[in-house]
Structure formats: structure tokens, C-alpha cells
Amino acid sequence: MREKILTFIEKNSRVDLKELAIVLGVDEVTVANELAAMEQEHIICGYHTLIDWEKTSIEKVNALIEVRVTPQRGRGFDSVAERIYNYPEVNAVYLISGGYDLLVTIEGKTLREVAQFVSDKLSTLDSVLSTKTNFILKKYKDHGTIIAEPEEDERMLVTL
């Protein structure tokens, strides 16, 4: 039952408990208790709202920063990842495979603010060997939700 609940709420965290209980064939109290237990166990870590910031007047710059680091003896990548994810600008930190070790996502108000974070805070950490910053220019799909509206075909139909 837990997997079914998680599958439903991952797509829509605002799903009505009554509706979810009907789909699962159990009562609302059982669903509420399962959700509370999964929150307590940190299986469910939070509930988030996906916003298309381009449709607002608020300017935001998002960046994906690939970071090559020296793992710490006895702790591996965990201690440097912890230092990075404690910065308020950082939205996510992932251990990745490939040419870099960590992928850091951050949000700033301007390109300069992001660049300053990388040069003043991230690259100065002892374990950081190098970084590669990629700026997100446009989001088409985020967290499984299509954000970009499909363009209409403006070509005229011509038949001979």
C-alpha cells in the first residue's frame, strides 16, 4: 500500500485523502496514518509546489554546477556534500557518475550572484578541485510536469 500512496502523491501531493482511500480500497484514517508514519520515517521528506517563474515578474537564475572534489578519508563524499548543501542558495546536491563527482543546483537573482557563489563560496572549499557551471536557459519539463506550452504550427495547409 505504501508504494501506491507514494506513487499517487509524487504526481499530485494535493490529492484528496478521501479519493486516495477509495482508490486504495481502505478508509481515510488508514491512509492518513500511513502518510504520517512515512513522514516520521523520512520516506516522505517534504511537499513542494512547482512554479513556472517565467510567468511571474520575479527574475530567477538557475544553474547546474558540476563539482570535482577530493573525497575525505573515512567519510567519502558525504562531508563535502554536507558543507555544500548547507548553503542557503543550494537547492540540491547529488553524487553522480562521470567526469565530475557532485551535481549542485542553485538559484540566484542574477548571473552575477550565481557566479559569485561559485567563485567565493564553492570553489574556495578545501576539497573542491574544479567546477563547471551550466545555466538553465529554459525549462521544458520539470519534476515530470511539462512546463513549456507546445508551439502551434503556423504553416498554412497547401494542397495541389
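L111, F135 and L137 form a nonpolar patch on the surface, and together they have about 340 Å² of accessible area. The model described here is predicted. Its largest pocket holds about 1300 Å³ of space, and eight salt bridges are present in the structure.

**Surface patch**

- F135, a member of the nonpolar patch with L111 and L137, is placed in strand 4, which spans residues 128–135.
- F135 counts as partly exposed because its relative accessibility is 32%, a value between the limits of 20% for buried and 50% for exposed residues.
- L137 belongs to this patch, and L137 is also among the residues that lie nearest the centre of the second largest pocket.

**Largest pocket**

- Rolling a probe the size of a water molecule over the atoms shows where empty space is left.
- The largest pocket has about 1300 Å³ of space; 33 residues line this pocket, and H48, T49, L50, D142 and H143 are the closest to its centre.
- At least two lining residues come from each of helix 1 (2–11), strand 1 (61–69), strand 2 (90–95) and strand 3 (102–108).
- Helix 1 makes the greatest contribution to the lining of the largest pocket, namely four residues.
- The lining of the largest pocket consists of 15 nonpolar, eleven polar and seven charged residues.

**Second largest pocket**

- The volume of the second largest pocket is about 410 Å³.
- Its lining comprises 17 residues, and those nearest the centre of the second largest pocket are D52, W53, E54, K60 and L137.
- By class, eight residues of the lining of the second largest pocket are nonpolar, two are polar and seven are charged.

- Side chains of opposite charge can pair when their charged atoms come close.
- K121 and E89 form a salt bridge through their side chains, at 2.7 Å from N to O. This pair links distant parts of the chain, with K121 in helix 5 (residues 111–122) and E89 in the loop between helix 4 (78–85) and strand 2, 32 residues apart.
- K121 is classed as partly exposed because its relative accessibility is 31%.
- R75 and E82 are also joined by a side-chain salt bridge, with an N to O distance of 3.6 Å.
- Both partners are partly exposed: R75 has a relative accessible area of 43%, and E82 has a relative accessible area of 32%.
- D142 and K139 meet in a salt bridge of 3.3 Å, N to O. Salt bridges that share partners also join R2, E34 and E41 into one network.
- D142 is buried, since its relative accessible area is 16%, whereas K139 is partly exposed at 30%.

**Residue pairs in sequence and space**

- V93 and E54 are separated by 39 residues in sequence and by 24 Å in space, C-alpha to C-alpha.
- V93 is located in strand 2 and counts as partly exposed because its relative accessibility is 21%.
- L24 and K4 are separated by 20 residues in sequence and by 7.7 Å in space, C-alpha to C-alpha.
- L24 is part of helix 2 (residues 17–24) and counts as buried because its relative accessibility is 17%, which is under 20%.

**Positive phi angles**

- Most residues other than glycine have a negative phi, and most peptide bonds are trans.
- H42 has a positive phi of about 60° although H42 is not a glycine.
- H42 is situated in the loop between helix 3 (28–40) and strand 1, and H42 counts as exposed because its relative accessibility is 60%.
- H143, likewise a residue other than glycine, has a positive phi near 50°.
- H143 occupies the loop between strand 5 (141–142) and strand 6 (145–146), and H143 is exposed, with a relative accessible area of 71%.

Terms used. Residues are numbered from 1 along each chain as its sequence is written. This is a predicted model: local features need pLDDT of at least 70, side-chain atom pairs count only at pLDDT 80 or more; totals for chains, interfaces and linings use all residues. Side-chain values use heavy atoms; hydrogens and water are left out. Patches are made of residues with over 30% relative accessible area and no salt bridge: like charges are joined within 9 Å, nonpolar side chains (Val, Leu, Ile, Met, Phe, Trp, Tyr) within 5 Å. Accessible areas come from the Shrake-Rupley method with a 1.4 Å probe; for residues, only the protein chains shown count as cover. A salt bridge is a side-chain nitrogen of Lys or Arg within 4 Å of a carboxyl oxygen of Asp or Glu. Buried means under 20% relative accessible area, exposed over 50%, partly exposed in between (1.4 Å probe, protein chains only). On a 1 Å grid over the protein atoms alone, a cavity is a set of points where a 1.4 Å probe fits but cannot get out, and a pocket is an open set with protein on both sides within 12 Å along at least five of seven lines; lining residues have an atom within 4 Å of a point. Grid points are joined across faces, edges and corners, and a volume is the space filled by probe spheres set on the points. Ala, Val, Leu, Ile, Met, Phe, Trp, Tyr, Cys and Pro count as nonpolar, Asp, Glu, Lys and Arg as charged, and the others, Gly among them, as polar.
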